[in-house]
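Open the model in your viewer and keep the selection tool at hand. We will go from stop to stop, with something to pick at each one.

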Amino acid sequence: MLKESKNIRKLKKLINYNEFDQTLNELDRAYDTINEINGDGYWVWDIEKESCYLSSTLKKMLGYNNTELTTYKALNELLVGNDEQRFLIAFNDYVKNRENKPIQIILNYYHKNGSTLRLLCRGLITNWGINNEPMKMIGSYVNVTNCKSI
């Protein structure tokens, strides 16, 4: 039996990586499609880098196209009244208690057309630093503007 060369092993790893990358891209597209069907938006907040990915469905929900509303700061500027403070209090409590369940809060946002939307925000910290500081959080938004109160 011939011994496998380093180049052959590297090529196999590259092929497996490309297959993995292709599968991951297909899963991403499927997830985006499901959220598009449901009308739900999602976000990924890299707390350490102070950056945030906002899904196209979230932007669309708020009246923006995919090239607009590109930062966490821009999203927060759409919060109505003291909702940013309410979120920060809920977030800090969530971090302090290191809860295993998602944070859940209804927040009010300004739509691009000036109307107000009530969005159910759920999020979960997925990465913690070595000093137990939150590093990454992933979450979703569901538009509950037209839902009746119980």
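Start by selecting T67, which sits in the loop between α2 (56-61) and α3 (72-76); helices (H or I, at least four residues) and strands (E, at least two) are DSSP runs, numbered from the N terminus. Before going further, note that this is a predicted model, in which local features need pLDDT of at least 70 and side-chain atom pairs count only at pLDDT 80 or more, while totals for chains, interfaces and linings use all residues. Residues are numbered from 1 along each chain as its sequence is written, and side-chain values use heavy atoms, with hydrogens and water left out.

Is T67 buried or exposed? T67 has a relative accessible area of 67%, so it counts as exposed (buried means under 20% relative accessible area, exposed over 50%, partly exposed in between, with a 1.4 Å probe and protein chains only). Show side chains here, and you will find that of T67 in a polar contact with the side chain of N65, at 2.6 Å. Such a contact is a pair of N or O atoms within 3.5 Å; within protein, one must be able to donate a hydrogen and the other to accept it, and residues adjacent in sequence count only if both atoms are side-chain atoms.

L69 is buried, because its relative accessible area is 9%.

Next, select β1 (41-46). Five of its six residues are buried, so this strand is mostly covered. On one side, β1 pairs with strand β5 (residues 134-143) in the antiparallel sense over six bridges, where two strands pair if DSSP finds at least two bridges between them. To see this pairing, pick V44 and its opposite number I138 in β5. β1 is also joined to strand β2 (residues 51-54), by four antiparallel bridges; here D46 stands opposite S51.

Follow the chain into the loop between β1 and β2 and select E50. The hairpin has four residues between its strands, and E50 has a positive phi of about 55° although it is not a glycine. E50 is exposed, as its relative accessible area is 70%.

On a 1 Å grid over the protein atoms alone, a cavity is a set of points where a 1.4 Å probe fits but cannot get out, and lining residues have an atom within 4 Å of a point.

Select W43, W45, C52, Y72, L75, N76, L79, F87, L107, Y109, C121 and Y141 to display the lining. Which element gives the most to it? That is α3, with three residues. By class, the lining has eleven nonpolar, one polar and no charged residues (Ala, Val, Leu, Ile, Met, Phe, Trp, Tyr, Cys and Pro count as nonpolar, Asp, Glu, Lys and Arg as charged, and the others, Gly among them, as polar).

Finally, zoom out: the protein has four helices and five strands, following the pattern α-β-β-α-α-α-β-β-β along the sequence.

Terms used: 1 Å grid on protein atoms, 1.4 Å probe; cavity = no way out; pocket = protein on both sides within 12 Å on 5 of 7 lines; lining within 4 Å.
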